[in-house]
Amino acid sequence: MNKKTNTVLFILGATLFNVIVCIASFLILFFLYARFIHPILPESSQSWSFTVIFIGAIAVSILVYRAVLKVLIKKIDVEKYFDPIFSKSKSIKKN
């Protein structure tokens, strides 16, 4: 496989990983909320719970994604296997 194929496959795999981590963290946060927090909250504040859980799941997935990506970059020579997504544009010379 060439570098472009590796890059596309990495992006697809990383996106799938991020979505799976986001769904798993949402389910875990929802379970923790339903089990421990929901019974003690007043009904007026329970309406925001889904939004807070959703934002929390996104934040957790970003943090996990960044940590896994840092470990992966340390183990793999990125320049050897992957092509840059955005190529450097040619600078315009001013006269």
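This is a predicted model: local features need pLDDT of at least 70, side-chain atom pairs count only at pLDDT 80 or more; totals for chains, interfaces and linings use all residues.

Me: What volume does the largest pocket have?

Reply: Its volume is about 240 Å³.

Me: And which residues lie nearest its centre?

Reply: They are F10, I73, V78, F82 and D83, out of 13 residues that line the pocket. Helices α1 (3–37), α2 (49–75) and α3 (78–81) each give two or more residues to this lining.

Me: How does the lining divide by class?

Reply: It has 10 nonpolar residues, 1 polar residue and 2 charged residues.

Me: Changing topic: how many aromatic pairs does the structure hold?

Reply: There are 3 aromatic pairs. In one of them, the ring centres of F10 and F82 are 5.1 Å apart with the planes at 50°, so this pair is tilted.

Me: Which parts does that pair tie together?

Reply: F10 belongs to helix α1 and F82 to the segment after α3, so the contact joins parts 72 residues apart in sequence. F10 itself is partly exposed, at a relative accessible area of 27%.

Me: What about F26 and F30, stacked or tilted?

Reply: They are stacked, because their planes meet at 15°, under the 30 degrees cut-off; the ring centres are 6.2 Å apart. Both residues lie in helix α1, 4 residues apart, which is about one turn of the helix.

Me: Which residues do ring pairs link into a cluster?

Reply: The cluster consists of F26, F30 and F50.

Conventions:
Residues are numbered from 1 along each chain as its sequence is written. Side-chain values use heavy atoms; hydrogens and water are left out. On a 1 Å grid over the protein atoms alone, a cavity is a set of points where a 1.4 Å probe fits but cannot get out, and a pocket is an open set with protein on both sides within 12 Å along at least five of seven lines; lining residues have an atom within 4 Å of a point. Grid points are joined across faces, edges and corners, and a volume is the space filled by probe spheres set on the points. Ala, Val, Leu, Ile, Met, Phe, Trp, Tyr, Cys and Pro count as nonpolar, Asp, Glu, Lys and Arg as charged, and the others, Gly among them, as polar. Rings of Phe, Tyr and Trp (its six-membered ring) pair if their centres lie within 6.5 Å; planes under 30 degrees apart count as stacked, over 60 as edge-to-face and the rest as tilted. Buried means under 20% relative accessible area, exposed over 50%, partly exposed in between (1.4 Å probe, protein chains only).
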